[in-house]
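The points below may be read alongside the sequence and the model.

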Amino acid sequence: MDITEKLITSLTVLLTGLVVVFAVLFILIGIIKGCGIIVTKFENMVKEKKAQKETASAKPVAPVQQKPVQVTETAESGISDEIVAVIAAAVDAMYGSSGKARIKSIKKSDNSRSAWSKAGILDNTRPF
Amino acid sequence: MEIINGFVDSIVGLFHDSGLMVLGWQNYVMILVAIVLIYLAIKKQYEPLLLLPIAFGMLLVNLYPSIMAAPTTTLQPVTEYMAEHGGQAGSYAITVLNGVEYYNVPEYGGLLYYLYQGVKLGIYPPLIFLGIGAMTDFGPLIANPKSFILGAAAQLGIFITFIGAIFLGFTSKEAGAIAIIGGADGPTAIYVATRLASHLLGPIAVAAYSYMALVPIIQPPIMKALTTKKERAVKMTQLRTVSKLEKIIFPIVVIIVVALFLPSAAPLVGMLMLGNIFKESGVVDRICKAAQNELMNIITIFLGVTVGATATGEVFLTAQTLGIVVLGLLAFCMGTAGGVLFGKIMYKLTGGKVNPLIGSAGVSAVPMAARVSQKVGQEENPSNFLLMHAMGPNVAGVIGSAVAAGVLLSVLQ
(Lines give C-alpha, C1' and ligand atoms only; values in the text may rest on other atoms or scores of the structure.)
Protein backbone atom coordinates (compact mmCIF):
# COMPACT_ATOMS: atom_id res chain seq x y z
CA MET A 1 0.00 0.00 0.00
CA ASP A 2 1.32 3.46 -0.86
CA ILE A 3 0.70 6.50 1.33
CA THR A 4 -2.44 7.61 -0.53
CA GLU A 5 -3.92 4.13 -0.35
CA LYS A 6 -3.11 3.91 3.38
CA LEU A 7 -4.70 7.28 3.98
CA ILE A 8 -7.86 6.36 2.08
CA THR A 9 -8.20 2.99 3.91
CA SER A 10 -7.57 4.59 7.31
CA LEU A 11 -10.03 7.42 6.88
CA THR A 12 -12.67 5.12 5.39
CA VAL A 13 -12.51 2.82 8.41
CA LEU A 14 -12.37 5.75 10.86
CA LEU A 15 -15.38 7.45 9.32
CA THR A 16 -17.43 4.26 8.83
CA GLY A 17 -16.58 2.99 12.30
CA LEU A 18 -17.45 6.15 14.18
CA VAL A 19 -20.61 6.86 12.19
CA VAL A 20 -21.95 3.30 12.52
CA VAL A 21 -21.08 2.90 16.23
CA PHE A 22 -22.65 6.26 17.12
CA ALA A 23 -25.66 5.66 14.86
CA VAL A 24 -26.43 2.21 16.34
CA LEU A 25 -25.99 3.44 19.89
CA PHE A 26 -28.08 6.58 19.23
CA ILE A 27 -30.87 4.38 17.87
CA LEU A 28 -30.63 2.30 21.04
CA ILE A 29 -30.79 5.46 23.20
CA GLY A 30 -34.00 6.50 21.41
CA ILE A 31 -35.65 3.11 21.62
CA ILE A 32 -34.69 2.48 25.25
CA LYS A 33 -35.87 5.95 26.28
CA GLY A 34 -39.13 5.37 24.42
CA CYS A 35 -39.53 1.95 26.01
CA GLY A 36 -38.83 3.45 29.44
CA ILE A 37 -41.56 6.07 28.98
CA ILE A 38 -44.09 3.54 27.65
CA VAL A 39 -43.35 0.97 30.37
CA THR A 40 -43.56 3.59 33.13
CA LYS A 41 -46.90 4.87 31.77
CA PHE A 42 -48.22 1.33 31.41
CA GLU A 43 -47.17 0.38 34.93
CA ASN A 44 -48.68 3.57 36.35
CA MET A 45 -51.95 2.85 34.52
CA VAL A 46 -52.04 -0.68 35.91
CA LYS A 47 -51.36 0.65 39.41
CA GLU A 48 -54.09 3.28 39.10
CA LYS A 49 -56.63 0.72 37.85
CA LYS A 50 -55.77 -1.61 40.69
CA ALA A 51 -56.13 1.18 43.22
CA GLN A 52 -59.49 2.20 41.72
CA LYS A 53 -60.76 -1.38 41.87
CA GLU A 54 -59.66 -1.71 45.46
CA THR A 55 -61.39 1.49 46.55
CA ALA A 56 -64.58 0.55 44.67
CA SER A 57 -64.78 -2.92 46.14
CA ALA A 58 -63.78 -1.89 49.65
CA LYS A 59 -66.79 -1.76 52.02
CA PRO A 60 -66.70 -0.50 55.57
CA VAL A 61 -66.24 -3.62 57.64
CA ALA A 62 -66.37 -3.79 61.38
CA PRO A 63 -63.00 -4.72 62.79
CA VAL A 64 -62.91 -8.41 63.59
CA GLN A 65 -61.16 -9.50 66.70
CA GLN A 66 -59.12 -12.53 65.69
CA LYS A 67 -58.30 -15.22 68.09
CA PRO A 68 -54.60 -15.52 68.61
CA VAL A 69 -53.00 -18.89 67.92
CA GLN A 70 -53.21 -21.03 71.00
CA VAL A 71 -50.39 -23.11 72.33
CA THR A 72 -52.21 -25.93 74.08
CA GLU A 73 -49.37 -27.92 75.50
CA THR A 74 -46.03 -27.05 76.87
CA ALA A 75 -43.07 -27.30 74.56
CA GLU A 76 -40.38 -29.90 74.92
CA SER A 77 -37.87 -29.04 77.59
CA GLY A 78 -34.88 -27.02 76.31
CA ILE A 79 -37.03 -24.84 74.03
CA SER A 80 -37.19 -21.31 75.37
CA ASP A 81 -40.35 -19.20 75.62
CA GLU A 82 -38.95 -16.85 73.00
CA ILE A 83 -38.69 -19.69 70.47
CA VAL A 84 -42.28 -20.74 71.27
CA ALA A 85 -43.41 -17.14 70.80
CA VAL A 86 -41.60 -16.89 67.43
CA ILE A 87 -43.13 -20.16 66.18
CA ALA A 88 -46.58 -19.06 67.34
CA ALA A 89 -46.16 -15.71 65.56
CA ALA A 90 -45.07 -17.44 62.34
CA VAL A 91 -48.03 -19.84 62.45
CA ASP A 92 -50.34 -16.93 63.18
CA ALA A 93 -48.98 -15.00 60.20
CA MET A 94 -49.61 -18.00 57.92
CA TYR A 95 -52.86 -19.46 59.23
CA GLY A 96 -54.09 -17.02 61.86
CA SER A 97 -56.82 -15.48 59.69
CA SER A 98 -58.73 -18.78 59.66
CA GLY A 99 -59.00 -18.60 63.42
CA LYS A 100 -58.51 -22.35 63.70
CA ALA A 101 -54.76 -22.61 64.02
CA ARG A 102 -53.54 -24.34 67.14
CA ILE A 103 -50.08 -25.48 68.10
CA LYS A 104 -50.31 -28.80 69.92
CA SER A 105 -46.69 -29.50 70.53
CA ILE A 106 -43.21 -28.27 69.69
CA LYS A 107 -40.47 -30.85 69.37
CA LYS A 108 -36.86 -30.59 68.29
CA SER A 109 -36.19 -32.36 64.98
CA ASP A 110 -33.86 -35.35 65.07
CA ASN A 111 -31.41 -33.48 62.78
CA SER A 112 -30.83 -36.51 60.58
CA ARG A 113 -29.85 -34.16 57.73
CA SER A 114 -27.75 -31.06 58.04
CA ALA A 115 -29.01 -27.72 56.76
CA TRP A 116 -26.43 -27.91 53.91
CA SER A 117 -27.64 -31.34 52.92
CA LYS A 118 -31.26 -30.16 52.91
CA ALA A 119 -30.30 -27.12 50.81
CA GLY A 120 -28.47 -29.43 48.38
CA ILE A 121 -31.47 -31.73 48.04
CA LEU A 122 -33.76 -28.76 47.51
CA ASP A 123 -31.46 -27.31 44.86
CA ASN A 124 -31.17 -30.60 42.98
CA THR A 125 -34.80 -31.59 43.11
CA ARG A 126 -36.30 -28.25 42.19
CA PRO A 127 -38.00 -28.65 38.77
CA PHE A 128 -36.75 -26.79 35.70
CA MET B 1 26.07 -56.89 25.23
CA GLU B 2 23.01 -56.67 22.97
CA ILE B 3 20.92 -55.54 25.94
CA ILE B 4 23.39 -52.76 26.79
CA ASN B 5 23.53 -51.60 23.15
CA GLY B 6 19.72 -51.56 23.05
CA PHE B 7 19.63 -49.60 26.29
CA VAL B 8 22.16 -47.03 25.02
CA ASP B 9 20.27 -46.66 21.72
CA SER B 10 17.01 -46.10 23.60
CA ILE B 11 18.57 -43.44 25.82
CA VAL B 12 20.16 -41.69 22.81
CA GLY B 13 16.79 -41.83 21.01
CA LEU B 14 15.01 -40.37 24.01
CA PHE B 15 17.63 -37.60 24.28
CA HIS B 16 17.20 -36.71 20.59
CA ASP B 17 13.41 -36.54 21.03
CA SER B 18 13.67 -34.52 24.24
CA GLY B 19 13.05 -30.80 24.50
CA LEU B 20 16.75 -30.22 25.06
CA MET B 21 17.43 -31.08 21.41
CA VAL B 22 14.19 -29.86 19.83
CA LEU B 23 13.72 -26.42 21.43
CA GLY B 24 15.25 -23.23 20.06
CA TRP B 25 16.40 -20.18 22.02
CA GLN B 26 13.08 -18.45 21.35
CA ASN B 27 11.29 -21.22 23.22
CA TYR B 28 13.50 -20.71 26.26
CA VAL B 29 12.84 -16.95 26.21
CA MET B 30 9.12 -17.63 26.03
CA ILE B 31 9.36 -20.07 28.93
CA LEU B 32 10.86 -17.23 30.97
CA VAL B 33 8.11 -14.83 29.80
CA ALA B 34 5.49 -17.44 30.79
CA ILE B 35 7.03 -17.81 34.25
CA VAL B 36 7.00 -14.01 34.71
CA LEU B 37 3.31 -13.92 33.68
CA ILE B 38 2.51 -16.76 36.10
CA TYR B 39 4.25 -14.75 38.82
CA LEU B 40 2.23 -11.62 37.93
CA ALA B 41 -1.02 -13.60 37.91
CA ILE B 42 -0.40 -15.24 41.29
CA LYS B 43 1.59 -12.66 43.22
CA LYS B 44 0.18 -9.42 41.78
CA GLN B 45 -3.20 -10.91 40.86
CA TYR B 46 -3.25 -9.24 37.41
CA GLU B 47 -6.41 -10.71 35.84
CA PRO B 48 -5.44 -14.13 37.27
CA LEU B 49 -8.51 -15.93 35.91
CA LEU B 50 -7.22 -15.40 32.41
CA LEU B 51 -3.55 -14.60 32.79
CA LEU B 52 -2.78 -17.83 34.64
CA PRO B 53 -4.21 -20.20 31.99
CA ILE B 54 -2.75 -18.02 29.20
CA ALA B 55 0.70 -18.11 30.80
CA PHE B 56 0.50 -21.84 31.42
CA GLY B 57 -0.58 -22.49 27.83
CA MET B 58 2.42 -20.41 26.72
CA LEU B 59 4.67 -22.50 28.96
CA LEU B 60 3.26 -25.79 27.66
CA VAL B 61 3.57 -24.97 23.98
CA ASN B 62 7.12 -23.75 24.30
CA LEU B 63 8.15 -26.86 26.23
CA TYR B 64 6.31 -29.26 23.95
CA PRO B 65 5.39 -27.59 20.61
CA SER B 66 3.64 -30.75 19.35
CA ILE B 67 0.82 -30.11 21.83
CA MET B 68 -0.52 -27.59 19.27
CA ALA B 69 0.38 -29.70 16.21
CA ALA B 70 -2.31 -30.07 13.57
CA PRO B 71 -3.33 -33.59 12.53
CA THR B 72 -1.56 -34.92 9.45
CA THR B 73 -1.96 -37.80 7.02
CA THR B 74 0.91 -40.04 5.95
CA LEU B 75 0.81 -42.00 2.72
CA GLN B 76 1.97 -45.57 3.29
CA PRO B 77 2.07 -48.16 0.49
CA VAL B 78 -0.63 -50.77 1.10
CA THR B 79 1.84 -53.65 0.61
CA GLU B 80 4.22 -52.15 3.18
CA TYR B 81 1.38 -51.62 5.64
CA MET B 82 0.15 -55.19 5.27
CA ALA B 83 3.66 -56.57 5.67
CA GLU B 84 3.97 -54.64 8.93
CA HIS B 85 0.60 -55.84 10.20
CA GLY B 86 0.87 -59.56 9.53
CA GLY B 87 -0.97 -59.40 6.20
CA GLN B 88 -4.03 -57.64 7.63
CA ALA B 89 -5.57 -54.87 5.52
CA GLY B 90 -6.12 -51.46 7.09
CA SER B 91 -9.40 -49.54 7.13
CA TYR B 92 -7.99 -46.28 5.76
CA ALA B 93 -8.87 -44.39 2.61
CA ILE B 94 -6.72 -45.37 -0.38
CA THR B 95 -4.93 -42.99 -2.74
CA VAL B 96 -3.48 -44.30 -6.00
CA LEU B 97 -0.30 -42.63 -7.22
CA ASN B 98 1.49 -43.88 -10.37
CA GLY B 99 -0.41 -47.15 -10.13
CA VAL B 100 0.68 -47.76 -6.52
CA GLU B 101 -1.99 -47.91 -3.79
CA TYR B 102 -1.31 -45.94 -0.62
CA TYR B 103 -3.18 -45.86 2.68
CA ASN B 104 -3.93 -42.40 4.12
CA VAL B 105 -2.78 -43.15 7.65
CA PRO B 106 -3.88 -40.34 9.98
CA GLU B 107 -1.66 -38.93 12.69
CA TYR B 108 -3.62 -37.19 15.40
CA GLY B 109 -2.97 -33.59 16.42
CA GLY B 110 -1.94 -32.30 19.84
CA LEU B 111 -4.43 -31.89 22.69
CA LEU B 112 -4.45 -28.10 22.57
CA TYR B 113 -4.91 -28.13 18.78
CA TYR B 114 -8.35 -29.64 19.24
CA LEU B 115 -9.28 -27.36 22.12
CA TYR B 116 -8.06 -24.42 20.00
CA GLN B 117 -10.76 -25.11 17.41
CA GLY B 118 -13.21 -23.37 19.74
CA VAL B 119 -11.14 -20.20 19.37
CA LYS B 120 -10.41 -20.66 15.67
CA LEU B 121 -14.05 -21.24 14.77
CA GLY B 122 -15.17 -18.31 16.92
CA ILE B 123 -17.08 -20.44 19.45
CA TYR B 124 -15.51 -19.55 22.79
CA PRO B 125 -15.75 -15.72 22.72
CA PRO B 126 -19.54 -15.67 22.18
CA LEU B 127 -19.94 -18.30 24.92
CA ILE B 128 -17.92 -16.10 27.27
CA PHE B 129 -20.28 -13.28 26.32
CA LEU B 130 -23.19 -15.52 27.30
CA GLY B 131 -21.73 -15.79 30.80
CA ILE B 132 -20.99 -12.06 30.94
CA GLY B 133 -24.58 -11.30 29.93
CA ALA B 134 -25.87 -13.59 32.67
CA MET B 135 -23.80 -11.64 35.21
CA THR B 136 -24.38 -8.10 33.98
CA ASP B 137 -26.94 -5.70 35.36
CA PHE B 138 -27.83 -3.25 32.60
CA GLY B 139 -30.01 -1.29 35.05
CA PRO B 140 -27.72 1.77 35.26
CA LEU B 141 -27.61 1.95 31.45
CA ILE B 142 -31.41 1.63 31.14
CA ALA B 143 -31.86 4.28 33.83
CA ASN B 144 -29.59 6.65 31.92
CA PRO B 145 -29.48 5.64 28.23
CA LYS B 146 -27.29 8.67 27.43
CA SER B 147 -24.47 6.53 28.80
CA PHE B 148 -24.47 4.87 25.38
CA ILE B 149 -22.83 8.03 24.00
CA LEU B 150 -19.87 7.54 26.33
CA GLY B 151 -19.72 3.86 25.43
CA ALA B 152 -19.51 4.88 21.77
CA ALA B 153 -16.99 7.67 22.34
CA ALA B 154 -14.58 5.34 24.09
CA GLN B 155 -14.36 3.28 20.90
CA LEU B 156 -12.51 6.22 19.33
CA GLY B 157 -9.24 4.54 20.37
CA ILE B 158 -9.98 1.55 18.13
CA PHE B 159 -10.30 3.57 14.96
CA ILE B 160 -7.41 5.94 15.66
CA THR B 161 -5.14 2.98 16.42
CA PHE B 162 -6.22 1.44 13.14
CA ILE B 163 -4.67 4.43 11.37
CA GLY B 164 -1.47 4.08 13.43
CA ALA B 165 -1.21 0.38 12.61
CA ILE B 166 -1.71 0.97 8.89
CA PHE B 167 1.08 3.54 8.86
CA LEU B 168 3.37 1.21 10.83
CA GLY B 169 3.20 -1.22 7.93
CA PHE B 170 0.54 -3.69 9.04
CA THR B 171 -2.00 -4.87 6.47
CA SER B 172 -5.54 -3.55 6.85
CA LYS B 173 -6.75 -6.86 8.36
CA GLU B 174 -3.85 -6.96 10.82
CA ALA B 175 -4.48 -3.30 11.69
CA GLY B 176 -8.13 -4.07 12.44
CA ALA B 177 -7.20 -6.99 14.67
CA ILE B 178 -4.67 -4.87 16.60
CA ALA B 179 -6.94 -1.84 16.88
CA ILE B 180 -9.68 -3.82 18.63
CA ILE B 181 -7.40 -4.00 21.70
CA GLY B 182 -8.74 -0.46 22.33
CA GLY B 183 -12.16 -1.98 22.99
CA ALA B 184 -10.68 -3.33 26.25
CA ASP B 185 -12.71 -6.47 25.86
CA GLY B 186 -10.81 -9.77 25.78
CA PRO B 187 -13.38 -12.00 24.06
CA THR B 188 -14.10 -9.34 21.42
CA ALA B 189 -10.37 -8.88 20.74
CA ILE B 190 -9.91 -12.66 20.36
CA TYR B 191 -13.00 -12.97 18.15
CA VAL B 192 -11.85 -10.24 15.78
CA ALA B 193 -8.21 -11.38 15.78
CA THR B 194 -9.14 -14.96 14.81
CA ARG B 195 -11.28 -13.66 11.98
CA LEU B 196 -8.91 -11.01 10.62
CA ALA B 197 -5.35 -12.03 11.53
CA SER B 198 -5.20 -15.35 13.38
CA HIS B 199 -1.38 -15.40 13.20
CA LEU B 200 -1.32 -12.38 15.55
CA LEU B 201 -3.75 -13.85 18.07
CA GLY B 202 -1.16 -14.62 20.77
CA PRO B 203 0.41 -11.14 21.03
CA ILE B 204 -3.00 -9.43 20.66
CA ALA B 205 -4.61 -11.50 23.45
CA VAL B 206 -1.65 -11.06 25.79
CA ALA B 207 -1.54 -7.30 25.11
CA ALA B 208 -5.31 -6.92 25.56
CA TYR B 209 -5.46 -8.77 28.88
CA SER B 210 -2.28 -7.11 30.17
CA TYR B 211 -3.65 -3.64 29.50
CA MET B 212 -7.01 -4.55 31.03
CA ALA B 213 -5.16 -5.56 34.18
CA LEU B 214 -3.29 -2.25 34.06
CA VAL B 215 -6.44 -0.08 33.73
CA PRO B 216 -5.99 1.36 37.28
CA ILE B 217 -2.49 2.52 36.30
CA ILE B 218 -3.11 3.64 32.70
CA GLN B 219 -6.38 5.56 33.08
CA PRO B 220 -6.06 7.93 36.09
CA PRO B 221 -3.29 10.17 34.66
CA ILE B 222 -5.26 10.63 31.42
CA MET B 223 -8.49 11.31 33.33
CA LYS B 224 -6.81 13.90 35.54
CA ALA B 225 -4.99 15.56 32.64
CA LEU B 226 -8.18 16.08 30.67
CA THR B 227 -10.47 17.31 33.49
CA THR B 228 -10.51 20.20 35.92
CA LYS B 229 -10.82 19.84 39.67
CA LYS B 230 -14.33 21.30 39.49
CA GLU B 231 -15.43 18.78 36.87
CA ARG B 232 -14.03 15.83 38.83
CA ALA B 233 -15.91 16.92 41.95
CA VAL B 234 -19.35 16.91 40.29
CA LYS B 235 -21.90 14.88 42.22
CA MET B 236 -24.47 13.17 40.03
CA THR B 237 -28.10 12.76 41.00
CA GLN B 238 -29.34 9.32 41.96
CA LEU B 239 -30.45 7.06 39.12
CA ARG B 240 -34.14 6.20 38.80
CA THR B 241 -35.33 2.71 39.66
CA VAL B 242 -35.64 0.45 36.64
CA SER B 243 -38.57 -1.95 36.53
CA LYS B 244 -38.23 -5.67 35.82
CA LEU B 245 -40.24 -5.27 32.61
CA GLU B 246 -37.74 -2.72 31.27
CA LYS B 247 -34.87 -5.06 32.11
CA ILE B 248 -36.55 -7.89 30.19
CA ILE B 249 -37.33 -5.69 27.18
CA PHE B 250 -33.74 -4.34 27.02
CA PRO B 251 -31.93 -7.45 25.68
CA ILE B 252 -34.67 -8.04 23.12
CA VAL B 253 -34.50 -4.47 21.83
CA VAL B 254 -30.69 -4.43 21.71
CA ILE B 255 -30.37 -7.64 19.73
CA ILE B 256 -33.11 -6.60 17.30
CA VAL B 257 -31.38 -3.27 16.59
CA VAL B 258 -27.82 -4.66 16.44
CA ALA B 259 -28.64 -7.73 14.36
CA LEU B 260 -30.72 -5.72 11.91
CA PHE B 261 -28.22 -2.94 11.40
CA LEU B 262 -24.94 -4.81 11.91
CA PRO B 263 -25.37 -8.57 11.48
CA SER B 264 -21.64 -9.29 11.89
CA ALA B 265 -21.91 -8.19 15.54
CA ALA B 266 -24.88 -10.50 16.15
CA PRO B 267 -22.95 -13.56 17.47
CA LEU B 268 -21.29 -11.53 20.25
CA VAL B 269 -24.18 -9.23 21.12
CA GLY B 270 -26.70 -12.05 20.66
CA MET B 271 -25.01 -14.27 23.22
CA LEU B 272 -24.56 -11.31 25.58
CA MET B 273 -28.25 -10.56 25.41
CA LEU B 274 -29.25 -14.23 25.69
CA GLY B 275 -27.29 -14.47 28.93
CA ASN B 276 -28.91 -11.26 30.13
CA ILE B 277 -32.45 -12.40 29.42
CA PHE B 278 -31.69 -15.62 31.35
CA LYS B 279 -30.83 -13.42 34.30
CA GLU B 280 -33.60 -10.85 34.05
CA SER B 281 -36.45 -13.21 33.20
CA GLY B 282 -36.03 -14.93 36.57
CA VAL B 283 -37.58 -18.14 35.25
CA VAL B 284 -34.43 -20.07 34.26
CA ASP B 285 -32.43 -19.76 37.41
CA ARG B 286 -30.54 -23.01 36.89
CA ILE B 287 -29.52 -22.19 33.31
CA CYS B 288 -28.51 -18.71 34.42
CA LYS B 289 -26.31 -20.11 37.17
CA ALA B 290 -24.75 -22.60 34.74
CA ALA B 291 -23.94 -19.78 32.30
CA GLN B 292 -22.51 -17.61 35.08
CA ASN B 293 -20.41 -20.33 36.68
CA GLU B 294 -19.79 -23.75 35.13
CA LEU B 295 -19.94 -22.79 31.44
CA MET B 296 -18.04 -19.55 31.96
CA ASN B 297 -15.31 -21.26 33.97
CA ILE B 298 -14.86 -24.16 31.54
CA ILE B 299 -14.67 -21.87 28.52
CA THR B 300 -12.29 -19.55 30.35
CA ILE B 301 -9.91 -22.46 30.94
CA PHE B 302 -10.05 -23.62 27.30
CA LEU B 303 -9.81 -20.09 25.93
CA GLY B 304 -6.94 -19.07 28.19
CA VAL B 305 -4.80 -22.15 27.69
CA THR B 306 -5.25 -22.33 23.92
CA VAL B 307 -4.74 -18.61 23.35
CA GLY B 308 -1.55 -18.84 25.42
CA ALA B 309 -0.53 -21.83 23.33
CA THR B 310 -0.52 -19.69 20.19
CA ALA B 311 2.35 -17.66 21.65
CA THR B 312 5.24 -19.79 20.44
CA GLY B 313 8.73 -18.30 20.40
CA GLU B 314 8.88 -17.93 16.61
CA VAL B 315 5.56 -16.05 16.51
CA PHE B 316 5.90 -13.97 19.66
CA LEU B 317 9.51 -12.79 19.55
CA THR B 318 9.24 -10.51 16.56
CA ALA B 319 9.28 -6.77 15.92
CA GLN B 320 5.55 -7.08 15.13
CA THR B 321 4.81 -8.02 18.75
CA LEU B 322 6.56 -4.89 19.93
CA GLY B 323 4.44 -2.88 17.48
CA ILE B 324 1.28 -4.57 18.79
CA VAL B 325 2.20 -3.81 22.41
CA VAL B 326 2.82 -0.12 21.61
CA LEU B 327 -0.32 0.19 19.47
CA GLY B 328 -2.41 -1.59 22.12
CA LEU B 329 -1.32 0.94 24.71
CA LEU B 330 -2.12 3.78 22.30
CA ALA B 331 -5.58 2.27 21.69
CA PHE B 332 -6.29 2.09 25.41
CA CYS B 333 -5.13 5.65 26.05
CA MET B 334 -7.08 7.07 23.10
CA GLY B 335 -10.22 5.16 24.14
CA THR B 336 -9.98 6.56 27.66
CA ALA B 337 -9.37 10.07 26.31
CA GLY B 338 -12.33 9.76 23.89
CA GLY B 339 -14.66 8.78 26.72
CA VAL B 340 -13.48 11.56 29.04
CA LEU B 341 -13.67 14.21 26.30
CA PHE B 342 -17.25 13.24 25.46
CA GLY B 343 -17.93 13.26 29.19
CA LYS B 344 -16.75 16.87 29.18
CA ILE B 345 -19.09 17.69 26.32
CA MET B 346 -21.97 16.14 28.27
CA TYR B 347 -20.88 18.12 31.33
CA LYS B 348 -21.21 21.36 29.33
CA LEU B 349 -24.47 20.38 27.65
CA THR B 350 -26.17 19.35 30.89
CA GLY B 351 -25.02 22.45 32.76
CA GLY B 352 -22.59 20.55 34.97
CA LYS B 353 -24.79 17.60 35.90
CA VAL B 354 -22.52 14.89 34.39
CA ASN B 355 -19.14 14.09 35.89
CA PRO B 356 -16.75 13.62 32.92
CA LEU B 357 -14.84 10.93 34.84
CA ILE B 358 -17.55 8.38 34.08
CA GLY B 359 -16.60 8.66 30.38
CA SER B 360 -13.40 6.68 30.88
CA ALA B 361 -15.49 3.68 31.95
CA GLY B 362 -16.78 3.48 28.38
CA VAL B 363 -13.77 1.36 27.40
CA SER B 364 -15.45 -1.81 28.76
CA ALA B 365 -13.01 -3.63 31.09
CA VAL B 366 -16.00 -4.35 33.33
CA PRO B 367 -16.07 -3.51 36.23
CA MET B 368 -12.47 -2.34 36.66
CA ALA B 369 -12.88 0.83 34.56
CA ALA B 370 -16.00 1.85 36.53
CA ARG B 371 -14.10 1.33 39.79
CA VAL B 372 -11.34 3.60 38.49
CA SER B 373 -13.91 6.37 37.80
CA GLN B 374 -15.25 5.93 41.34
CA LYS B 375 -11.76 6.04 42.86
CA VAL B 376 -10.58 9.13 40.94
CA GLY B 377 -13.88 10.89 41.72
CA GLN B 378 -13.58 10.12 45.42
CA GLU B 379 -10.03 11.47 45.53
CA GLU B 380 -11.49 14.86 44.66
CA ASN B 381 -14.62 14.58 46.78
CA PRO B 382 -14.70 11.74 49.36
CA SER B 383 -18.50 11.88 49.61
CA ASN B 384 -18.95 11.32 45.87
CA PHE B 385 -20.21 7.93 44.66
CA LEU B 386 -19.82 7.59 40.91
CA LEU B 387 -19.73 3.79 40.70
CA MET B 388 -23.30 3.16 39.58
CA HIS B 389 -23.18 6.14 37.18
CA ALA B 390 -19.95 4.75 35.70
CA MET B 391 -21.46 1.28 35.31
CA GLY B 392 -23.79 2.72 32.62
CA PRO B 393 -20.98 3.69 30.19
CA ASN B 394 -19.06 0.62 31.31
CA VAL B 395 -21.69 -1.87 30.13
CA ALA B 396 -22.48 0.38 27.14
CA GLY B 397 -18.80 -0.03 26.27
CA VAL B 398 -19.25 -3.79 26.03
CA ILE B 399 -22.03 -3.31 23.49
CA GLY B 400 -20.07 -0.48 21.82
CA SER B 401 -16.92 -2.56 21.36
CA ALA B 402 -18.96 -5.48 19.98
CA VAL B 403 -20.56 -3.06 17.49
CA ALA B 404 -17.11 -1.66 16.60
CA ALA B 405 -15.91 -5.24 16.10
CA GLY B 406 -18.84 -5.83 13.77
CA VAL B 407 -17.87 -2.73 11.75
CA LEU B 408 -14.26 -3.90 11.42
CA LEU B 409 -15.36 -7.38 10.37
CA SER B 410 -17.83 -6.02 7.82
CA VAL B 411 -15.40 -3.55 6.29
CA LEU B 412 -12.19 -5.59 6.37
CA GLN B 413 -13.16 -9.25 6.07
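Two strands are taken to pair if DSSP finds at least two bridges between them. The model under discussion is a predicted one, and the points that follow should be read accordingly.

1. Strand pairing in chain B. With that criterion in hand, strand S1 (residues 72–77) of chain B and strand S3 (residues 100–107) of chain B are joined by six bridges and run antiparallel.

2. Domains of chain B. The division of chain B gives domain 1 (2–69), domain 2 (72–107) and domain 3 (114–412). Between domain 1 of chain B and domain 3 of chain B, the C-alpha centres are 33 Å apart. The contact of these two domains draws 22 residues from domain 1 of chain B and 21 residues from domain 3 of chain B.

3. The side of domain 1 of chain B that touches domain 3 of chain B. Which helices each supply at least two residues of this side? They are helix H3 (25–43) and helix H4 (48–63) of chain B. H4(B) gives the most, with twelve residues. By class, this side of domain 1 of chain B holds 16 nonpolar residues, five polar and one charged.

4. Of the 128 residues in chain A, 9% are buried. When contacts in chain A between residues at least 6 apart in sequence are considered, 61% of them join residues at least 24 apart.

5. The contact of the two chains. Chain A contributes 24 residues and chain B contributes 32 residues to the contact. On the side of chain A that touches chain B, 16 residues are nonpolar, five are polar and three are charged. As a general remark, the size of an interface is often expressed as the accessible area lost when the parts come together; the counts for chain A and chain B in this point are of residues in contact.

How values were computed:
Residues are numbered from 1 along each chain as its sequence is written. Chains are lettered from A and ligands numbered from 1 in the order in which they are written. This is a predicted model: local features need pLDDT of at least 70, side-chain atom pairs count only at pLDDT 80 or more; totals for chains, interfaces and linings use all residues. A residue is buried if 20 or more other C-beta atoms lie within 10 Å of its own, exposed if 12 or fewer, and partly exposed in between; C-beta atoms are placed from the backbone. Two residues are in contact if their C-beta atoms, placed from the backbone, lie within 7 Å. Ala, Val, Leu, Ile, Met, Phe, Trp, Tyr, Cys and Pro count as nonpolar, Asp, Glu, Lys and Arg as charged, and the others, Gly among them, as polar. Domain bounds come from an automatic or database domain assignment. Helices (H or I, at least four residues) and strands (E, at least two) are DSSP runs, numbered from the N terminus.
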